[in-house]
Amino acid sequence: MDADDSRAPKGSLRKFLEHLSGAGKAIGVLTSGGDAQGMNAAVRAVVRMGIYVGAKVYFIYEGYQGMVDGGSNIAEADWESVSSILQVGGTIIGSARCQAFRTREGRLKAACNLLQRGITNLCVIGGDGSLTGANLFRKEWSGLLEELARNGQIDKEAVQKYAYLNVVGMVGSIDNDFCGTDMTIGTDSALHRIIEVVDAIMTTAQSHQRTFVLEVMGRHCGYLALVSALACGADWVFLPESPPEEGWEEQMCVKLSENRARKKRLNIIIVAEGAIDTQNKPITSEKIKELVVTQLGYDTRVTILGHVQRGGTPSAFDRILASRMGVEAVIALLEATPDTPACVVSLNGNHAVRLPLMECVQMTQDVQKAMDERRFQDAVRLRGRSFAGNLNTYKRLAIKLPDDQIPKTNCNVAVINVGAPAAGMNAAVRSAVRVGIADGHRMLAIYDGFDGFAKGQIKEIGWTDVGGWTGQGGSILGTKRVLPGKYLEEIATQMRTHSINALLIIGGFEAYLGLLELSAAREKHEEFCVPMVMVPATVSNNVPGSDFSIGADTALNTITDTCDRIKQSASGTKRRVFIIETMGGYCGYLANMGGLAAGADAAYIFEEPFDIRDLQSNVEHLTEKMKTTIQRGLVLRNESCSENYTTDFIYQLYSEEGKGVFDCRKNVLGHMQQGGAPSPFDRNFGTKISARAMEWITAKLKEARGRGKKFTTDDSVCVLGISKRNVIFQPVAELKKQTDFEHRIPKEQWWLKLRPLMKILAKYKASYDVSDSGQLEHVQPWSV
């Protein structure tokens with residue numbers, strides 16, 4: 001945590017931020033079009049990163065309208081202007097639709113207003129319309145300057161000095177309707193709002209055996225509808241990109257009545273506001289309600305969520321995404337040359353990448369064109385890999401074929417939860433069970449981890465048994481930290497008794513250790529010579545082989561929400577610093593990312609050793625900060641970051657050293673980080689990754705069918721995880737080399753690269769490695 005961060009790696013291979021200087025440059029930041037939660041986090045990152053590199057940063061209020069009107073609408077921002085806005089929804093600098101900017105006359109005024117302040121770098125946060133406008137402005141820039149010079153509004157020197165305009169875009173849109181990025185700023189928060197409503201509606205619908213039709217936003221894009229349907233296990237979903245087939249009315253009514261016959265007390269139907277049929281005629285929520293009432297006679301209600309989805313506080317994911325993109329946008333502006341095309345900063349896997357703005361806009365328009373021309377398969381393909389994957393997974397999990405239509409494999413596949421509970425585990429179990437049944441396997445549930453496995457607590461689990469599981473927190477199957485090592489004999493006997501042909505383990509580091517023990521016991525017990533795969537599920541996010549684990553996002557949101565409340569509790573009182581302890585064992589993921597999402601001043605983690613001098617410099621830094629208008633400080637500490645510098649020690653040190661300037665409070669968050677309903681991300685991630693694991697098991701079993709093949713090779717015992725931009729299966733034997741077993745963490749962790757980001761945004765000097773960014777990539781429809 002030292003202020004000058006001298007431990008950062010140096011060397012010619014690394015390209016560091018120090019090489020980039022913003023001295024003499026002016027950056028204008030504006031938000032335009034519809035607002036989205038997380039825009040403020042992006043504005044904050046642009047302002048602070050800009051000031052950090054020595055540039056002047058200007059707020060442009062009310063979007064393009066403010067640029068055209070000029071005057072007080074364009075104002076210089078300082079460090080404190082963006083303090084305490086991270087948790088605020090919407091945009092503090094305002095957004096407006098602007099007709100004037102669509103005319104050349106309006107753009108001429110805008111150029112004149114920017115030149116008065118020397119602004120030649122624009123950071124635009126908005127949708128595709130706003131970004132297209134910025135690109136046109138950039139293309140016309142030199143012509144506009146010449147016209148201003150002819151009119152005598154600027155001199156010849158200014159034309160040469162401000163010869164070109166750089167534009168970098170960030171996409172802020174809750175619809176996630178922009179091609180080229182996995183997630184746009186605001187989408188995750190909108191999903192949070194939708195899922196909160198769905199969870200609330202489910203309890204009342206169940207009481208009255210009702211059918212609910214929920215209309216969500218998405219005039220041209222069905223992302224919100226599709227993902228919320230996947231996350232809550234909706235009975236039916238209507239999307240603009242994938243209209244239902246002819247005769248859908250009857251099919252839907254049959255599906256709803258079948259579900260009621262299976263003792264399901266409620267039905268949920270989700271409709272995107274832009275839903276259409278194959279003839280491009282709108283399908284409205286009222287039309288669906290009438291259909292259900294007249295055909296089935298069910299008590300049916302319509303709920304239109306409307307602008308609720310745009311409101312509220314941004315989720316942890318959106319804050320981190322927007323902060324990363326804001327910093328990347330400033331770096332892109334500093335590196336731009338007159339020949340650099342306008343680019344958009346986007347997310348691919350967990351990488352921030354730069355893409356040519358107009359390529360992304362073109363592809364976004366191609367999707368709309370495909371829908372208008374009724375080429376719906378093309379529309380889904382152009383939306384990208386994750387959209388198509390979501391749609392296929394939803395179809396597999398929502399619609400069960402009659403038993404006589406599913407070819408049986410005569411294989412038994414068992415599912416087990418191991419380790420501490422993590423939100424999203426139940427969504428993963430539901431997904432595995434349903435995909436397994438659809439593939440023709442007999443699915444077995446093992447209760448209470450390896451302990452229950454040894455005792456024979458194993459039961460067959462059916463399609464309807466897992467209905468309604470996606471929104472449940474904890475682990476319904478029960479989970480324990482017990483490892484299989486002591487019970488290998490008993491577990492082998494149970495494998496034999498129940499003729500288990502494959503095993504899916506959902507859990508954290510204990511699950512990983514358990515898998516290693518089962519793999520090592522193959523020589524002794526041939527029962528373990530079956531395909532075994534692990535899906536990582538732990539709040540600590542410390543499983544080797546995966547950048548993310550199920551449950552970590554929910555825990556991160558709990559930490560972020562709690563930090564927001566704690567900070568708010570001090571408003572109106574004197575200056576105060578909060579010391580907050582997070583979970584994670586030796587893994588600092590929650591403390592680090594929680595610090596980034598909550599706007600912490602420091603986050604102490606095991607992976608980055610610190611000493612008393614670092615603590616001292618942090619106290620001094622906070623003391624300086626408190627002499628300004630800023631009233632609150634936030635310090636996060638991972639529970640095992642240091643044996644001696646305990647939470648109590650740090651609390652006492654800060655209390656003593658801050659005397660007369662600020663007082664201190666401490667808070668240990670504890671097990672609230674493991675509880676609660678899973679976030680939309682965890683429901684979705686659990687559902688998709690578990691379905692993928694079952695597809696792998698099915699493929700392995702197919703290979704061996706009829707040959708009585710024993711699985712003895714390393715590639716039949718794997719961890720399934722997300723690494724950089726791909727979902728990959730890695731043999732546990734290979735992952736051993738990448739594991740620090742003593743501290744139960746991977747030797748290399750991707751998120752450590754984001755540490756300097758938190759420090760820079762908290763006004764520390766830090767070396768930020770920008771070697772990953774800088775190259776302009778091209779949009780690939782299948783890697784979007």
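Mentor: Start with a definition: contact means heavy atoms within 4.5 Å. Helices (H or I, at least four residues) and strands (E, at least two) are DSSP runs, numbered from the N terminus. This is a predicted model, where local features need pLDDT of at least 70, side-chain atom pairs count only at pLDDT 80 or more, and totals for chains, interfaces and linings use all residues. Residues are numbered from 1 along each chain as its sequence is written, and side-chain values use heavy atoms, with hydrogens and water left out.
Trainee: Which residues in H3 meet H4?
Mentor: In H3 they are Arg104, Arg107, Leu108, Ala110, Ala111, Cys112, Leu114 and Leu115. Their partners in H4 are Leu136, Phe137, Glu140, Trp141, Gly143, Leu144, Leu145, Glu147 and Leu148.
Trainee: How do the residues of that contact of H3 with H4 divide?
Mentor: Into 12 nonpolar, one polar and four charged. Here Ala, Val, Leu, Ile, Met, Phe, Trp, Tyr, Cys and Pro count as nonpolar, Asp, Glu, Lys and Arg as charged, and the others, Gly among them, as polar.
Trainee: At what angle do H3 and H4 pack?
Mentor: Helix H3 (residues 104-116) and helix H4 (residues 128-150) pack at about 75°, and their axes are 9 Å apart. That makes H3 roughly perpendicular to H4. Angles of 65 to 115 degrees count as roughly perpendicular, under 35 as roughly parallel, over 145 as roughly antiparallel and the rest as oblique. Axes are lines fitted to C-alpha atoms, for helices over the stretch in contact, and angles run from 0 to 180 degrees between N-to-C directions.
Trainee: New topic. How many aromatic pairs does the structure hold?
Mentor: It holds 19. Rings of Phe, Tyr and Trp (its six-membered ring) pair if their centres lie within 6.5 Å; planes under 30 degrees apart count as stacked, over 60 as edge-to-face and the rest as tilted. Tyr604 and Phe610 form a tilted pair, 4.8 Å centre to centre with 35° between the planes.
Trainee: Are Tyr604 and Phe610 buried or exposed?
Mentor: Both are buried. Buried means under 20% relative accessible area, exposed over 50%, partly exposed in between (1.4 Å probe, protein chains only).
Trainee: And Asn259, where is it found?
Mentor: Asn259 is in helix H8 (residues 248-261). Asn259 has a relative accessible area of 8%, so it is buried. Leaving aside neighbours within four places in sequence, Asn259 is in contact with Asp235, Lys264 and Asn267.
Trainee: What about Ser72, buried or exposed?
Mentor: Ser72 counts as exposed because its relative accessibility is 67%. Ser72 lies in the loop between helix H2 (63-69) and strand S3 (74-76).
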